[in-house]
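Colleague: Please take me through this model, one point at a time. I will ask about the charged pairs as well as the strands.

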Amino acid sequence: MQITNEFDTRLAMGYQAAGTSDVNGNILDTQGASSLCFLAALGPIVSGGVQSLKVQHGDQSDLSDAADIDGAVYTIGDTDDDKLCAIEVARATKRYVRIVLLRETQNCTLYSVIALLGDLRKKPPANHSTFDGKTVVAS
């Protein structure tokens with residue numbers, strides 16, 4: 001089994017330099033997928049920092065109707081520097097989703113967030129705009 005054939009891989013949020021302001025990620029269209037997982041690569045976090053990641057969804061393509069998904073929140077500890085964290089949504093009930101980085105106090109750096117859309121009703125697109133479409137497979 002080739003894993004990349006089982007998921008539609010998207011860039012949900014690019015690099016976010018150290019800061020204290022909240023950041024909305026890219027809006028993702030989940031049509032054709034019924035589950036998704038966000039994998040976040042955390043960077044340096046200043047001691048005492050209060051930050052978290054949450055997932056929002058909605059029916060409008062611009063997420064003007066964005067609402068938080070109950071339970072889809074990951075609290076980032078100030079000792080979680082250079083770690084990975086994941087938020088999985090087992091059943092997507094709205095078509096559009098995004099990840100949101102909440103930074104309440106001290107500086108927090110985020111390297112990136114990758115979204116894996118799963119339970120696909122068809123094969124993922126070969127060249128989504130946030131994925132170059134090239135996969136190296138070794139056996």
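Modeller: A salt bridge here is a side-chain nitrogen of Lys or Arg within 4 Å of a carboxyl oxygen of Asp or Glu. The model is predicted, so local features need pLDDT of at least 70 and side-chain atom pairs count only at pLDDT 80 or more, while totals for chains, interfaces and linings use all residues. Residues are numbered from 1 along each chain as its sequence is written, and side-chain values use heavy atoms, with hydrogens and water left out.

Colleague: How many strands are there in the chain?

Modeller: Helices (H or I, at least four residues) and strands (E, at least two) are DSSP runs, numbered from the N terminus. The pattern along the sequence is β-β-β-β-β-β-β-β-β-β. The chain has zero helices, and its strands number ten.

Colleague: Why is strand 9 largely enclosed by the rest of the structure?

Modeller: In a regular strand the side chains alternate between the two faces of the sheet. On one side of strand 9, Tyr96, Arg98, Val100 and Leu102 are buried, and on the other Val97, Ile99, Leu101 and Arg103 are buried too. Strand 9 (residues 96–103) is largely enclosed because its buried residues number eight of the eight.

Colleague: How many bridges join strand 6 to strand 9?

Modeller: Two strands pair if DSSP finds at least two bridges between them. Strand 3 (residues 23–24) is joined to strand 9 by two antiparallel bridges, with Asn24 opposite Val100. Strand 4 (residues 28–29) also pairs with strand 9 in the antiparallel sense, over two bridges, and Leu28 has Val97 as its bridge partner. Strand 6 and strand 9 run antiparallel too, and the number of bridges joining them is eight.

Colleague: Which residue of strand 9 is the bridge partner of Lys54?

Modeller: Lys54 sits in strand 6 (residues 51–58). Contact means heavy atoms within 4.5 Å; leaving aside neighbours within four places in sequence, the contacts of Lys54 include Arg98, Ile99, Val100 and Leu102. In strand 9, the bridge partner of Lys54 is Val100.

Colleague: Is Lys54 buried or exposed?

Modeller: The side chain of Lys54 forms a salt bridge with that of Asp68 (3.1 Å, N to O). That pair links distant parts of the chain, with Asp68 in strand 7 (residues 67–76) and Lys54 in strand 6, 14 residues apart. Asp68 is partly exposed at 41% relative accessible area. Because its relative accessibility is 15%, Lys54 counts as buried.

Colleague: Which residue forms a salt bridge with Arg95?

Modeller: Arg95 is partly exposed at 34% relative accessibility. The closest N and O atoms of its salt bridge are 2.8 Å apart, and the partner is Asp29.

Technical notes. Buried < 20%, exposed > 50% of the residue type's maximum accessible area, 1.4 Å probe, protein only.
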